[in-house]
Amino acid sequence: MDIVLYFFPKACSRVTMTALEKIGLDYRGEVINIFDGQSKSPEYLKVHPDGKVPALSVNGEVITENVSILLYLARAYPEAGLLPGADNPVAQAQAISDLIWCGGTLHPLVRQIRMPIRFTDGDPSGVREKGMESVTAVFERVGQRFESQPWWFGDQWSIVDVYFAWACGIAESGGFPIMEYPWIAEHRSRLEALQYYSRALAKEDAALEKYNIVMPPPMKPG
């Protein structure tokens, strides 16, 4: 198959890239530089009308939106174990619900912390403050989940773990005091020990170097 992943280093496309690495698919990564306007170019808008990443082209057919791409991959390659519950409709629905929560609830919340100006035409400080408050509540709740299990779904790794870890990293880069939640660092360490996750990170780093992309510095906690 001809598979192309349109991505940007450090963006949520990392989640899809990790899924592709876990499955072991032969794919081509196409960097879309969101810093220089490439994502809004006429060429890329033909791929993704909203000018966002990721987008996945499979034999010329394009899937957009991270959750949709991940659901396609989970169903097309169930042996990779991207999501649990393949043999249980209720468990599968619960897993999909958690994936949708990552994309539709947690993702915007951490963006409120890292890029609050995108949510208002006025003073972004209130947006960021509200994001910090909401993410604090999320971490207090999710922390209970990890008290007795290594992964989101217990002893079984899933792509939800990658999406959640990515969101934690975005919150941290926006100045959220991640160090107050040691279980997040432990979860991240478990992920970094996985070869397919490490390969995705390495490809992101290689893209940053190849295209001379300079990421914004992280914000100070507070």
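1. The largest share of the lining of the largest pocket, seven residues, is supplied by α6. Helices here are DSSP runs of H or I with at least four residues, strands are runs of E with at least two, and both are numbered from the N terminus. The model is a predicted one: local features need pLDDT of at least 70, side-chain atom pairs count only at pLDDT 80 or more, and totals for chains, interfaces and linings use all residues. Residues are numbered from 1 along each chain as its sequence is written, and side-chain values use heavy atoms, with hydrogens and water left out.

2. The largest pocket holds about 1300 Å³ of space. Of its 42 lining residues, the closest to the centre are A11, C12, R111, W166 and I170. A pocket is an open set of points on a 1 Å grid over the protein atoms alone, where a 1.4 Å probe fits, with protein on both sides within 12 Å along at least five of seven lines; lining residues have an atom within 4 Å of a point. Grid points are joined across faces, edges and corners, and the volume is the space filled by probe spheres set on the points.

3. Which helices supply at least two residues each to that lining? They are α3 (66-76), α4 (89-114), α6 (159-173), α7 (182-192) and α8 (195-210). By class, the lining has 21 nonpolar, eight polar and 13 charged residues. In this scheme Ala, Val, Leu, Ile, Met, Phe, Trp, Tyr, Cys and Pro are nonpolar, Asp, Glu, Lys and Arg are charged, and the others, Gly among them, are polar.

4. The sheet is open and has four strands in the order β2-β1-β3-β4, with mixed pairing. β2 and β4 (61-64) stand at the edges with a single partner strand each, so one side of each has no neighbour in the sheet. From one strand to the next the twist averages 20°; axes are lines fitted to C-alpha atoms, and angles run from 0 to 180 degrees between N-to-C directions. Two strands count as paired if DSSP finds at least two bridges between them.

5. Strand β1 (residues 3-7) is mostly covered, with five of its five residues buried. Buried means under 20% relative accessible area, exposed over 50%, and partly exposed in between (1.4 Å probe, protein chains only). I3, L5 and F7 lie on one side of β1 and V4 and Y6 on the other, and both faces are covered.

6. How is β1 paired with β2 (residues 28-31), parallel or antiparallel? The two strands pair in the parallel sense over four bridges. Within this pairing, V4 has R28 as its bridge partner, and Y6 has E30. β1, helix α1 (residues 13-23) and β2 form a right-handed β-α-β unit; right-handed means that, with the strands pointing away from the viewer, the path from the first strand over the helix to the second runs clockwise.

7. β1 and β3 (residues 55-58) run antiparallel and are joined by four bridges, with V4 opposite S57. β3 and β4 also run antiparallel, over four bridges, and S57 stands opposite V62 in β4. The hairpin of β3 and β4 has two residues between the strands, and N59 takes a positive phi near 55° there.

8. The peptide bond joining V53 and P54 is cis, with omega about 5°. P54 is found in the loop between α2 (42-45) and β3.

9. Positive phi values also call for a look at two other residues. E65, which is not a glycine, has phi near 75°. E65 is in the loop between β4 and α3 and is partly exposed, with a relative accessible area of 41%. N212 has a positive phi of about 55° although it is not a glycine. N212 is in the segment after α8 and is exposed, at 65% relative accessible area.

10. V214 also lies in the segment after α8. V214 is exposed, with a relative accessible area of 69%. From V214 to W157 the separation is 57 residues in sequence and 32 Å in space, C-alpha to C-alpha.
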